[in-house]
Amino acid sequence: MRIGFSLPQYGAMAHELDRLADFARQAEELGADSLWVGDRVLAAVDPSVGYMGTDTIPWQLHTMLDPFVALSVASSVTERALLGTSALVAPWYHPLLLARSLTGVDVVSGGRLIPGLGTGWSPEEYEGVGVPWKERGARLDECLDVLEAVWTTEPVAHHDGTHYAYPAAHIGPKPVQHPRPPLYLSGFALAARRRAARRADGILPVEVLVPGSAFDPAAVINQPLREVRRIAEAEGRDPARIDAILRINPDSESTVREIADVILRTGDETDVDHVFVDFVYLAGQGVGQALELVRRTLELTR
């Protein structure tokens, strides 16, 4: 089982940015297999849609470091840990610029990038970046087309799409990973699962640990993965080539033992072999406390 952790992007941790490099280096030394970032541009004061099914946005998301900055720092001080995004909100970016940034991380890290993309959940963030909320799915689909072209062809053919256009061009460098980095897609709706079945190498399920709840691997992982694989097979793809990476969001009251139990049960009850722990709800803690959680989690699961 590969076990990863999010980089210190959020809340109080984001005020210790001088320790981001130390966190990445020490987490890898402790045995972390991957390091992850999320993507936010603002936290609306009066959101029309809250975070994770609530009607609010937690204070931890009021402050967040740019994901590409965090990945660049981490890539420069680590040697083997994979570098993942769960998930970049692809419709916010022009796909040529997104391709450039992602390729840069893959190149400088020596081919360690795991790009995870999604459409996000906040209409106000779309308003903030000037992208229509109703176009998010179509823009993600076209973004995937552009990424595929930029990463796998040279020269890149002229593109004249609904939302993006550019001339035939030389675009380099190409990613280290060939033919491209493995692409993961997030999302829970049927449309998102169909997109993943057609276009992705894997999906990004999420387990939110809250008091009184019980982890259900069948519902969180096995059922959605089985559905995506079924659709993929109907589309003529090899379903065995589609996997999943589980994101674990501990509640502020979650114990290390509870986190470890989710990891161990994932290994025992699913065919998923990669998980990571997201510190978003633990961001009130400092970087030192986060590193202690990394150490204790790995001790209990290895």
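A: Helix H8 (residues 256-269) lies across strand E1 (2-6), E11, strand E13 (246-250) and strand E14 (274-277), running at about 160° to E13. Axes here are lines fitted to C-alpha atoms, for helices over the stretch in contact, with angles from 0 to 180 degrees between N-to-C directions; contact means heavy atoms within 4.5 Å. Helices (H or I, at least four residues) and strands (E, at least two) are DSSP runs, numbered from the N terminus. This is a predicted model, in which local features need pLDDT of at least 70 and side-chain atom pairs count only at pLDDT 80 or more, while totals for chains, interfaces and linings use all residues. Residues are numbered from 1 along each chain as its sequence is written, and side-chain values use heavy atoms, leaving out hydrogens and water.

Asp261 lies in helix H8. Asp261 is partly exposed, at a relative accessible area of 34%; the class lies between buried (under 20%) and exposed (over 50%), using a 1.4 Å probe and protein chains only.

The sheet itself is open, with 7 strands in the order E5-E3-E2-E1-E14-E13-E11 and parallel pairing. Two strands pair if DSSP finds at least two bridges between them. Strand E2 (residues 34-37) runs parallel to strand E3 (residues 82-85), joined by 4 bridges; Trp36 has Gly84 as its bridge partner in E3. Helix H2 (residues 67-77) packs on the sheet and touches E2 and E3, its direction making about 175° with that of E3.
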